[in-house]
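Visitor: Hi, I'm new to this one. Could you walk me through it?

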Amino acid sequence: MFFGTKAFAGSFMPIQGSTFAASVDSLYKFLVYASLISCALVIGGMIFFAIKYRRKTNDDKTAYITHNSTLEFIWSFVPFVIFMIVFGWSWYVYLQIRVVPKGAFEINVVGQKWNWDFIYKSGRKSSGEMYAPAGEPIKLILSSRDVIHSFYIPAFRNKQDAVPGMYTQMWFNAPKPGSYQVFCTEYCGEGHSSMLAKIHVLPKDKFEEWLRNDPYKGMNLVQVGLKLFDSRCTACHSVSEENKVGPGFKGLFGKKRDFADGTSLLADENYIRESMMMPAKKVVKGFSNVMTSFQGQLSEQEVLGVIEYIKSLQ
Ligand code: HEC
Ligand SMILES: [Cu+2]
């Protein structure tokens, strides 16, 4: 899927999706080839000399050697020059990646177990799918609602930790429109490997059209709920009776719920709303209290939508 032959066409690296991808690749190729050549020289030389100077007779003695200044100078100075080239070159590439250009278009990225949310200045939000204009510097401002995550886009050759309680930043400029895979690369619990997202790079006019769109235009509440469920709840809940990290939703509405503290009630609208806003208040028996609160994160339309959607799963 992500690592299809197309993604790797003509190279041992993923496709070059950002402006600095090519310079990262050149540096890596230099490091790989330099290591291969040094390895061949050292191991090859060792084998060659072991055979050439092996002990042939009993009184075959090595001459007394103290040192060889020329040789010692060469084997110190040549690697020193190579290391300084690698240092200078890496520093140059690192600055390209780390220094965010002034006036970059800003998008907020929020990680939480186990999905990525994107919040734009216009107030538009999206989950699991980020949209960005092509050919423009984009600055991402990252944070986390729970534990440390890491936002990694292999095609852009860039990654950055998302840390609770602080903002970190990264940037890219993707010249070509297309969809690029995002991974979480900081182990963050059971659902870590499914903490994926896509970055859709669109031509500028398409992107602005997307920014203005109402994501739920023409949808009824159940459809709004389904859309929200797919992006925000599916990591932990299923729409069948099957339990994942949390209980399956099929038949939930109107069912008797037993809680860890020994109390119970019949699931109604108030219970579903409370489960989203204050998940720790009533923890379903047999499950752990790992659901994070959605307080302040969802619009009223989304809350009602997800309640209607759960009601429809009978
Ligand atoms: C990180 C995993 C996780 C995510 C994401 C998550 N939940 Fe939960 N949820 C749980 C767990 C675990 C429980 C059971 C423990 C508890 O009651 O808090 C639960 C319980 C619930 C319950 C009570 C279920 C029952 O059988 O009584 C509801 C309703 C609920 N979640 C709704 C949602 C909705 C709606 C979303 C998405 C907007 C969501 N959850 C996202 C983990 C999650
Ligand atoms: Cu993560």
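Visitor: Let's start with one residue: does F207 count as buried or exposed?
Guide: F207 counts as buried, because its relative accessibility is 1%. Buried means under 20% relative accessible area, exposed over 50% and partly exposed in between, with a 1.4 Å probe and protein chains only. Keep in mind that this is a predicted model, where local features need pLDDT of at least 70 and side-chain atom pairs 80 or more, while totals for chains, interfaces and linings use all residues. Residues are numbered from 1 along each chain as written, chains are lettered from A and ligands numbered from 1 in written order, and side-chain values use heavy atoms, without hydrogens or water.

Visitor: How many aromatic pairs are there in the structure?
Guide: There are 18 of them. Rings of Phe, Tyr and Trp (its six-membered ring) pair if their centres lie within 6.5 Å, and planes under 30 degrees apart count as stacked, over 60 as edge-to-face and the rest as tilted.

Visitor: And which aromatic pair does F207 form with F105?
Guide: F105 and F207 make an edge-to-face pair, 5.4 Å centre to centre and with 85 degrees between the planes. Helices (H or I, at least four residues) and strands (E, at least two) are DSSP runs. As for F105, its relative accessible area is 24%, so this residue is partly exposed.

Visitor: What about Y131 and W210, how are they paired?
Guide: Y131 and W210 are stacked, with centres 4.3 Å apart and 25 degrees between the planes. That pair links distant parts of the chain too, from Y131 in strand β4 (residues 129-133) to W210 in helix α3, 79 residues apart. Y131 counts as buried at 18% relative accessibility, and W210 does at 12%. Ring pairs join F105, Y120, Y131, F207 and W210 into a cluster.

Visitor: OK, new topic. What coordinates the copper ion, ligand 2?
Guide: H149 (ND1), C184 (SG), C188 (SG) and M195 (SD) do, at 2.0 to 2.5 Å. Donors are N, O and S atoms within 2.8 Å of the metal (3.2 Å for Na, K and Ca). In sequence the copper donors are spaced H-x34-C-x3-C-x6-M. H149 is in strand β6 (residues 149-153) and M195 in the loop between β9 (178-184) and β10, 46 residues apart. H149 is buried at 0% relative accessibility, and M195 is buried at 0% as well.

Visitor: Which protein donors does the iron atom of ligand 1 have?
Guide: H237 (NE2) and M291 (SD) are the protein donors, 2.0 to 2.2 Å from the iron. Six donor atoms subtend angles of 86 to 178 degrees around this iron, which makes the arrangement octahedral. H237 lies in the loop between α4 (221-233) and β11 (256-258), and M291 in the loop between α5 (269-277) and α6 (300-312), so they tie together parts 54 residues apart in sequence.

Visitor: Are those two buried or partly exposed?
Guide: H237 is buried, at 11% relative accessibility, while M291 is partly exposed, with a relative accessible area of 31%.

Note on methods. Four donors count as tetrahedral if all angles lie between 85 and 135 degrees; four count as square planar and six as octahedral if opposite donors are over 155 degrees apart and all others between 65 and 115; anything else is irregular.
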